[in-house]
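Me: I'd like to learn how to read this one feature at a time. Could we go through it together?

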Amino acid sequence: MTILFLWVCSVAIAQSHQPSENFNHGWKFILGDDSLARYAKYDDSKWRQLTLPHDWSIEGTFDEKATSTTNEGALPTGIGWYRKIFTLPAASEGKNTYIDFDGVYKNSEVWINGHYLGKRPNGYISFRYDLTPYANFGKANVIAVKVDNSEQPNSRWYSGSGIYRNVWLVLAKPHHHVEQWGIQVTTPKITNDMAVVEVKTAIDTDSFEKRLYLKTTIIDGKGNRVASDISSLPDVGYSVGCTIVSQLKVSKPQLWSVDKPNLYKAISQIVENGKIINTYTTTFGIRSFNFDAAKGFFLNGKPLKIQGVCEHHDLGALGAAVNTAAIAHKLRILKEMGCNAIRTSHNPPAPEFLDLCDKMGFLVMDEAFDMWAKKKNKFDYYRDWKAWHKIDLEDQIKRDRNHPSVFMWSIGNEIREQFDTSGIRIAKELVAIVKSLDKTRPVTSALSENKPEKNNIYQSHALDVVGLNYHEEAYADFPKNYPGEKFIAAETMSALATRGHYDPVSDTTIKWPHNSKSKFTDGNADLTVSAYDNVAAYWGSTHETTWKIIKKHPYLSGMFVWTGFDYLGEPTPYPWPARSSYFGIIDLAGFPKDVYYMYQSEWTNKPVLHILPHWNWQAGKTVDVWAYYSQADEVELFLNGRSLGVKRKQGDNLHVAWKVKYEPGILKAVSRLNGKTILTTEVKTAGAAAQIQLVADRGQLKADGQDVAYITVRVLDARGNIVPDADNLINFEVSDAGTFAAADNGLQTSLESFKASHHKAFNGLCMAIVQSKGKAGSIIVKANAIGLKKQSIIIKTK
């Protein structure tokens, strides 16, 4: 095995990156500003006790007059304080002590034992403070955190408020540890027979005459050791930062891909006089990819169309508070649809999100900023740009660069500097920052100005890939307008829909709102949007329109749909009481809208047959019936056993349709391939609501106090059919082994509290979220509603 060592040493004061202790438990919280709370001896006995992560905004009441506005979900913001009393073991005295915050929204300030540690304005970035000079060992310490989200508006979507991501306590032996985010793993050479894995390790060491070594071992997904190396650290007599570069060879590498997300681990151990004193684990994947101006995107040498969605960070009814199980739930729904890529609009995501994308096989466009020096909101990041953008971007790249899921960086979304020459200067600066820390991935920016001569960020010629937002009419001519450039549709569609609602006309495309200049006064009185794929914002398109263009041309590498899920805030096209978006392929509660099945029919190889709408209408009404299908060449529609004709997709159409005169009964569709039946599906006329059905996404949870189950509540008639207009108020009871976390129904105008243990169904459905406690047992969930047969379900915890 050939080993290459490169020493890069410089005098430095380095921070460590050490295996961490979860620091989420035992916090106290109060909403309101009290400057005395920073002092160690402050009386917080009446404060609320809680476990992080925590988002106080989601606990509030929707309010038309909220300073955050409906663009941020019309929920309260303000100032909050967190405090925690903890004791460090006396035996740990002499170690360096750090606290790591994965994200605090926003303007956080931190004190320990009354000593001020600093401020971090950015609400999405991870950061660290050194507690060592002020920490007590063997006796109590007090951490105080002020979170100031009071200046509004400061976002264009729901941000949440508080310490909404995880917190970690780190203890490290001084001068013998890896710097924070100090390990970088790359794979500069990959063949079928061998992959070169390069591990750069930045170490803070004061070795004097001690014998110090760095041992690096690579473990495959089955736990087998597949490569290793031992390197001596330099023998110096003063504190230095040293970077060791080792190249290890892995035979017959198992490649990471969206279909087979194989992962490896690099185990880095610092050895002093034969004793292991620090161990670090870095998960990575072996994969190669490239964009080609003529042929699109390639992963591991094979062409791959990027079938992506944009996602904001909120978890619907759970708000912004990070929950790994809830993120996994969202990703599973997207994976089932055929989604293979996600853009983190418009900010760095939680680390747990990237961990899951690594494991589940999603490509990620990791985005940094929604604005640069020019504002989009009165109190947004532009105010912190000059002092913080370099630090924030560097920290993002260093934190996320080992994730195999991250395949490109985005330095901004629809940045206003597109329209003046400062865009040239800033784009060059930001790309240079990224490249100084990671040369293995392309850099893009999501550009809303599609004409190259008018776009100053493009004119910087610093971008590796041109990211265009909307303007699908220009995509086919991309090679002519951008000769030699590589393409990604960074944001597309902005189609609108309310799950389960159908307006009479489905074959005419409607733009809501019509433009940016006049007030939107059209629409439905109940603030719904039809779930036929025929309504979009004026700047966007229907789902079928843009996807047909993207799929047609190889040089169009792929797209990111706006959005995968509905999200809190930005309720285009409607005003209050609308408080969440209509853009999602999936509603806020996690229920697929009908267009989900169009994507599933196009983005997967599984047979699909889905018909819409429901079958409860006025007698004699003419109803547009659509069918999405795949792995078949025709669909025949039947009404109460009578054939209504066979339909085949014509041209590049992605669905078939019939106009049917309504009569109650059974609407049945049969898909066939070469005359052989592939799938059959039925929609039946439902009677009055009579019973409740509960279906959990998981039958067993971890008894860790964090794991959650999603329980679908269906309102059924006596024969077991979903009642498509049911809006019964559902009451929930949860036994002592679990807690009721939240509920939602996907209606964009519902002003019910997510946290209340009762919620109305919407169009026959409701979602309850139940959380485990820290003990094994059985969670019994009961649901009841006036006039309906009660139902219960049991979820095990262990």
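Me: Let's start with one side chain: which residues is Tyr-599 in contact with, leaving aside its neighbours within four places in sequence?
Reply: Contact here means heavy atoms within 4.5 Å. On that basis Tyr-599 touches Met-337, Met-493, His-543, Met-559, Val-561, Ile-585 and Thr-604. Before we go on: this is a predicted model, so local features need pLDDT of at least 70 and side-chain atom pairs count only at pLDDT 80 or more, while totals for chains, interfaces and linings use all residues. Residues are numbered from 1 along each chain as its sequence is written, and side-chain values use heavy atoms, with hydrogens and water left out.

Me: Which residues touch the most other members of the largest nonpolar core?
Reply: A nonpolar core is a set of buried Ala, Val, Leu, Ile, Met, Phe, Trp, Tyr and Cys residues joined through side-chain atoms within 4.5 Å. Buried means under 20% relative accessible area, exposed over 50%, and partly exposed in between (1.4 Å probe, protein chains only). The largest core has 148 residues, and Leu-334, Trp-372 and Tyr-599 touch the most other members. Helix α1 (residues 324-337) gives the most to this core, with 8 residues. Another core, of 27 residues, lies apart from it, and Phe-23, Phe-29, Leu-131 and Ile-163 are among its members.

Me: What about helix α8, where does it lie?
Reply: Helices (H or I, at least four residues) and strands (E, at least two) are DSSP runs, numbered from the N terminus. Angles run from 0 to 180 degrees between N-to-C directions, and axes are lines fitted to C-alpha atoms, for helices over the stretch in contact. Helix α8 (residues 595-603) lies across β32 and β33, at about 30° to β33.

Me: And what is the strand order of the sheet with β32 and β33?
Reply: Strands of a sheet pair through backbone hydrogen bonds, either parallel or antiparallel. Two strands count as paired if DSSP finds at least two bridges between them. Here the open sheet of 3 strands reads β32-β33-β36, with antiparallel pairing. Its edge strands, β32 (608-612) and β36 (656-661), each pair on one side only. Strand β33 (residues 622-630) is joined to β36 by 6 bridges, and Val-625 stands opposite Trp-658 in β36.

Me: Which strands form the 6-strand open sheet?
Reply: The order is β4-β3-β5-β10-β7-β8, and the pairing is antiparallel. At the edges sit β4 (48-50) and β8 (115-120). Neighbouring strands are turned by 25° against each other on average, direction ignored. Inside this sheet, β5 (residues 78-87) and β10 (residues 140-149) pair over 10 bridges, with Lys-84 opposite Ile-143.

Me: Is β25 paired in the parallel or antiparallel sense with β24?
Reply: Parallel: β24 (residues 363-367) and β25 pair over 4 bridges, and Val-364 stands opposite Val-406. Strand β25 (residues 406-413) is largely enclosed by the rest of the structure, because 8 of its 8 residues are buried.

Me: How do helices α3 and α4 pack?
Reply: Two packed helices are described by the angle between their axes and the distance between the axes. For α3 (residues 385-400) and α4 (residues 422-437), the angle is about 35° and the axes are 9 Å apart. Among the residues making the contact are Trp-385 and Leu-393 of α3 and Ile-426 and Leu-430 of α4.

Me: Last one: how many disulfides does a search of the whole structure find?
Reply: A disulfide is a pair of cysteine sulfur atoms within 2.5 Å, and the search finds 0. For Cys-310, the nearest cysteine sulfur, that of Cys-339, is 9.9 Å away. Cys-310 counts as buried, at 0% relative accessibility.
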